[in-house]
Amino acid sequence: MQKGQQTRAAILDAALGLASSAGLEGLSIGVLAEVMQMSKSGVFAHFGSREELQISVIREYHARFEEEVFYPAIREPRGLPRLRALFERWVRRVSVEVDSGCIYISGAVEFDDRPGPVRDALADMVRSWQGALDRAIRLAIDAGHLRPETDALQMLFEVHGLILALHHDARFLRIPGAVERARTAFERIVDHYAAPAGPAAAPGR
């Protein structure tokens with residue numbers, strides 16, 4: 001990368017770290033300039049505004065989330081192996097973020113009632129991830145691993161709810177064993193929707 005691109009990448013990395021611990025609203029050009037030991041004008045030149053900085057952080061978080069969770073998981077066979085891989089990698093990431101925070105979850109709390117470009121960017125990223133999960137569930141139905149009458153959106157709602165509960169219990173309440181409880185609950189959801197005689201529950205149990 002050219003020097004300007006390298007500097008922007010370094011600023012974005014520092015901004016992502018700040019946003020993970022202090023939230024997107026905790027980001028500011030001034031704070032970031034102090035962390036990077038740069039002038040405010042130097043940081044401003046790369047993003048133009050605090051709002052653009054926040055949006056860039058959301059996009060960077062999403063890109064890293066895809067690299068760590070989505071892309072490795074979709075290499076698994078279609079059906080329940082892929083759906084299980086998506087959930088397992090998601091759980092692992094959340095378990096690591098217990099000490100730093102998930103921007104998807106914390107950002108939703110910060111911007112749930114604040115319309116604007118930052119909220120729109122965050123919502124688009126979350127919808128993109130939910131869309132990937134929805135496709136994985138539907139492929140599992142097509143593969144005969146889940147019952148044909150399975151309501152994909154209902155299953156998605158239940159699986160997503162497990163992650164929210166995991167984040168709450170592990171990060172806020174510091175309850176031991178929350179990760180394993182999330183995994184157990186996921187298998188119960190899969191068992192509920194599993195096709196009676198299909199290969200639904202065998203791989204990865």
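Start by selecting Y61, F65, W90, Y104 and W129: ring pairs link these residues into a cluster. Here, rings of Phe, Tyr and Trp (its six-membered ring) pair if their centres lie within 6.5 Å. Across the whole structure, a search finds 7 aromatic pairs.

Before you click on, note that this is a predicted model, where local features need pLDDT of at least 70, side-chain atom pairs count only at pLDDT 80 or more, and totals for chains, interfaces and linings use all residues. Residues are numbered from 1 along each chain as its sequence is written, and side-chain values use heavy atoms, leaving out hydrogens and water.

What sits over the ring of Y61? The charged end of R93 does, 4.8 Å from the ring's centre. (That label needs NZ of Lys or CZ of Arg within 6 Å of the ring centre and within 35 degrees of the ring normal.)

Next, select residues 5–65, which the unreviewed UniProt entry annotates as "domain: HTH tetR-type". Such annotations may be inferred rather than shown by experiment. The span is 82% helix and 0% strand, and its end C-alpha atoms lie 21 Å apart. Helices are DSSP runs (H or I, at least four residues), and strands are runs of E, at least two.

Last stop: the largest pocket. Pick Y104, A108, L122, V126 and H160, the closest to its centre of the 19 lining residues. Now colour α6 (103–111), α7 (117–142) and α8 (152–172), which each supply at least two lining residues. Which helix gives the largest share? That's α7, with 7 residues.

Notes
1 Å grid on protein atoms, 1.4 Å probe; cavity = no way out; pocket = protein on both sides within 12 Å on 5 of 7 lines; lining within 4 Å. Phe/Tyr/Trp six-rings, centres within 6.5 Å; stacked < 30°, edge-to-face > 60°.
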